[in-house]
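Reader: Before we discuss any labels, could you show me the sequence and the model together?

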2 protein chains.
Amino acid sequence: MNKKNTASSEAKEQGRLQMADIARLAGVSTSTVSRALNKSPLIGEETRLRIEALAKSLNYSINVGAQNLRLRQNRTVAVVVPFDSSSRQHLSDPFFLGIIGSIADALTDRGYDMLLTRVDAEELDAASQIYDTGRAIGVILIGQWRHHDQLNQMAARKVPIVVWGAQIPQQLYVTVGSDNVAGGRLACSHLLQQGRRRIAFFGDVQLPEVAHRYQGYCQALTAAGVAIDESLVLPAAFTEEGARLAVETLQSRVSSFDAVFACSDLLAMTAINLFRQAGLRVPEDVAVVGYDDIALARYFHPPLSTVQQPIAAAGEALVKAVLRLADYEPTGPELLPTELIVRQST
Amino acid sequence: MNKKNTASSEAKEQGRLQMADIARLAGVSTSTVSRALNKSPLIGEETRLRIEALAKSLNYSINVGAQNLRLRQNRTVAVVVPFDSSSRQHLSDPFFLGIIGSIADALTDRGYDMLLTRVDAEELDAASQIYDTGRAIGVILIGQWRHHDQLNQMAARKVPIVVWGAQIPQQLYVTVGSDNVAGGRLACSHLLQQGRRRIAFFGDVQLPEVAHRYQGYCQALTAAGVAIDESLVLPAAFTEEGARLAVETLQSRVSSFDAVFACSDLLAMTAINLFRQAGLRVPEDVAVVGYDDIALARYFHPPLSTVQQPIAAAGEALVKAVLRLADYEPTGPELLPTELIVRQST
DNA sequence: CTGAAAGCGCTAACAG
DNA sequence: CTGTTAGCGCTTTCAG
């Protein structure tokens, strides 16, 4: 075979044509094809139409990689989901998956691509690599985390990163999150209004978001003049096992309880099932409020009272924030409203 | 400001350095930096270490876009989730989300990036665009679909695409899916063994996968000598509303039934709750088998019997297949095994 | 309105 | 072992 093949005919052999091929076929220069396909006003209507038709018929589209290089641009945003290498938290929480979906929507609406990456929570700067290598113009970080320092370092390096989570003191990076304090207060006040006084809290207070919900829980109790009983605070992880442990501890070690505020719907649902297996009635013996308002909540038995997180708004806000950062525009943290949805588990 | 700035110093001003900057700082040529960072054996240990350290300290990483262009390579795979513009199916099914997670894992393991895109089910060739523009070397399509023809056209054009779903006749594109016929048979046989004879089927038989499950259901009934009653077959969509409608129809129009085989766990769970609201006991009055075995299934009340789909294997198989296609290796459809998980809803 | 030519950030012969 | 040089596929001045 002729080794003097031009790049173009090589490419054609590979079944992948490029602008030069279209140009040759149309009898014009690549400049003209480029301008036509980019709808430059410099090109006459007829020429443009002819070239567009040719490209369409050949399924040719401009190579985005080359275009980006030349234009020094990039329309890709990375979404990073840290996973615990230990607890193998396998991207299963419907709430996080819902957020990912809403980010995908928000990005698509704006003509951006979404790169989804899972990184070991211990190797969080893999997230900044994605930016350093130019694969994405910014990073959205989703998921439970306790890696405040690493995030601050990235922000200090000016990596455009926005984190779904709680705003905490001395934080250099931008967060978008729902108002967890208000959410916790809402849930707990509701329980108090139902006449409950021994309200357990299920959640790992190490996580900033959970800490805020706990804060709201305490505020509500205090406001109602109910003393906080530390033994009612169970550090449940966001897993089925976490719920099981919390329920067992609650039943074995706590003298009395009449309600649970669980920091996720999954936790709440699992807890309810475990209570029921243990012969307790929900909500009669124990009222349960969840958090997130995942799709299944309203079809659960009993339909779950829960604090709704604004999923669609979350995607929008995260995307807006990361695009601003990528544009070097100053951007602050954002707090989204939460709402209590009362159903029949309370 | 000096307009004669070099590209390098410009870039530095933008906070984004490039290989030339590292080269200058290290007092070598870009070739040397390139080779060092790519661990070429041509570079001496000491030089390499020095350059690596420099790069690390400056947070420099090779620009993947430029590298890809030069190397004519690409390590990105697109995952496309079609959505119904009408039913606003907003990526909520835990099973699909689980598959996405497992694809992300499989891709990450192999050093590939994942581009997640949502496209209108009616504009499915947006999926091939992603390939035509060179953004991805292949496409994995996830989700319910009835767009056989469009998929065949893409396959005919040699777009490396693999679809999660059922293998159906005259299909040019590659599918990876679980053995839906076996799954349906498993579920239905189990119900028959429990002494049930009036087994309803919940699922939209228009969808190829569901059609296969229905086929398995029929096989089991026939094998047991039970006549198929068309009125027991309810075309439920994969939504809460679908379940509600099916349950209502079942209760109002069907004389008797003692079991349900639902084509997703979500459907099964919603149905169970509706049955219970209607005063029916599960499994005593009506036994229910679901499909998928999502995380919540075992913590549901009652714990849900269901047909397990091999999620982790699915991600692996899909990724393997699409990478083979992208490599022009011949690849056939793949059928993954399913397994019946018996719990307490039957 | 169109083409020739230079170059985006990187790699790989090819010659030291 | 290292640098020079040419170009990956595209866009865009700058001259026609």
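Reader: Which residues does H212(B) touch, not counting residues up to four places away in sequence?

Author: H212(B) touches A166(B), Q167(B), I168(B), N180(B) and V181(B) once residues up to four places away in sequence are set aside, where contact means heavy atoms within 4.5 Å. This is a predicted model, in which local features need pLDDT of at least 70 and side-chain atom pairs count only at pLDDT 80 or more, while totals for chains, interfaces and linings use all residues. Residues are numbered from 1 along each chain as its sequence is written, chains are lettered from A and ligands numbered from 1 in the order in which they are written, and side-chain values use heavy atoms, with hydrogens and water left out.

Reader: Where does H212(B) lie, and what makes H212(B) count as buried?

Author: H212(B) lies in helix α10 (residues 208-223) of chain B, helices being DSSP runs of H or I with at least four residues and strands runs of E with at least two, numbered from the N terminus. Buried means under 20% relative accessible area, exposed over 50%, and partly exposed in between, with a 1.4 Å probe and protein chains only. The relative accessibility of H212(B) is 17%, and therefore H212(B) counts as buried.

Reader: How do you know whether S345(B) is buried or exposed, and which residues is S345(B) in contact with, leaving aside its neighbours within four places in sequence?

Author: S345(B), found in the segment after β12 (339-341) of chain B, has a relative accessible area of 0%, so this residue is buried. Its contacts beyond the neighbours within four places in sequence are I272(B), V282(B), P283(B), V286(B), A287(B), V288(B), P302(B), P303(B), L304(B) and S305(B). The C-alpha atoms of S345(B) and V289(B) are separated by 6.9 Å, although the two residues are 56 residues apart along the chain. One of the contacts, P283(B), is joined to V282(B) by a cis peptide bond with omega near 10°, and P283(B) has its place in the loop between α12 (265-277) and β9 (287-292) of chain B.

Reader: What is the phi of D293(A), and is D293(A) buried or exposed?

Author: Phi of D293(A) is near 60°, a positive value in a residue other than glycine. D293(A) sits in the loop between β9 and β10 of chain A, and its relative accessible area of 17% is why D293(A) is called buried. Y328(A) likewise has a positive phi of about 60° although it is not a glycine, and its place is in the loop between α13 (311-326) and β11 (334-336) of chain A. With a relative accessible area of 64%, however, Y328(A) is exposed.

Reader: Why are α3(B) and α4(B) called roughly perpendicular?

Author: Two packed helices are described by the angle between their axes and the distance between the axes. Helix α3 (residues 30-37) and helix α4 (residues 45-57) of chain B have axes that come within 9 Å and cross at roughly 90°. Angles under 35 degrees count as roughly parallel, over 145 as roughly antiparallel, 65 to 115 as roughly perpendicular and the rest as oblique, and so α3(B) and α4(B) are roughly perpendicular to each other. The contact is made by T32(B), V33(B), A36(B) and L37(B) of α3(B) together with T47(B), R48(B), I51(B), E52(B) and A55(B) of α4(B).

Reader: What makes α11(A) oblique to α12(A)?

Author: Helix α11 (residues 240-253) and helix α12 (residues 265-277) of chain A pack at an angle of about 45°, with their axes 9 Å apart. That angle is why α11(A) is called oblique to α12(A). On the α11(A) side the contact is made by E240(A), A243(A), R244(A), V247(A), L250(A) and Q251(A), and on the α12(A) side by L267(A), T270(A), A271(A), L274(A) and F275(A).

Note on methods. Axes are lines fitted to C-alpha atoms, for helices over the stretch in contact, and angles run from 0 to 180 degrees between N-to-C directions.
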